[in-house]
Amino acid sequence: MTGEARILRAAERSAAPWSNGGGVTREVAAHPPGAGWDSFAWRVSLADVGRDGPYSPLPGVRRILTVVEGGGLELTVDGTRHLLADRYRPFAFPGGAATDCRLLAGPVVNLNVMLRDGRATATVETVRGTRTLPS
């Protein structure tokens with residue numbers, strides 16, 4: 001990334017409701033710009049999760065979910081339970097896996113990073129304080 005840093009505020013983004021009615025998503029950035037669900041290489045979004053329920057399957061996409069607000073959740077991914085009770089702990093899983101969500105203490109907001117297999121890679125880290133990134 002070159003140039004000046006930009007602040008991308010969630011409140012300035014339109015909310016797209018989920019087909020299952022369980023929440024809304026606000027896209028932060030995607031590549032290529034304007035790409036739809038079937039054509040993005042990578043996508044970053046914030047999701048307001050308001051109730052328990054299944055995740056939409058996204059075969060060929062790696063998902064990295066980080067709870068950023070709320071009391072956490074439990075994800076069951078292909079039959080294995082994963083407790084995500086703490087904020088700011090990224091959890092990666094295959095988008096094509098059968099995934100179900102149970103809220104632990106009411107609604108949550110998740111940061112989602114989605115990566116199309118073979119087209120993009122990424123890691124998600126929580127940084128407290130200052131960190132210098134390699135050029």
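**Close-up views of a predicted model**

**View 1. An open sheet of 4 strands.** Strands β4, β9, β6 and β7 line up in that order as an open sheet, with antiparallel pairing. At its edges sit β4 (53–54) and β7 (80–84), each pairing on one side only. This is a predicted model, where local features need pLDDT of at least 70, side-chain atom pairs count only at pLDDT 80 or more, and totals for chains, interfaces and linings use all residues. Residues are numbered from 1 along each chain as its sequence is written, and side-chain values use heavy atoms, leaving out hydrogens and water. Strands are DSSP runs (E, at least two residues), numbered from the N terminus, and two of them pair if DSSP finds at least two bridges between them.

**View 2. Where β6 meets β7.** Strand β6 (residues 73–77) runs antiparallel to β7, with 5 bridges between them. Look for T76, whose bridge partner in β7 is R81.

**View 3. Strand β5 and its partners.** In β5 (residues 61–70), 7 of the 10 residues are buried (under 20% relative accessible area, 1.4 Å probe, protein chains only). Antiparallel strand β10 (residues 108–116) is joined to β5 by 9 bridges, and I64 has V113 as its bridge partner there. Strand β8 (residues 91–94) also pairs with β5 in the antiparallel sense, over 4 bridges; R63 finds its bridge partner in F93 of β8.

How values were computed: Buried < 20%, exposed > 50% of the residue type's maximum accessible area, 1.4 Å probe, protein only.
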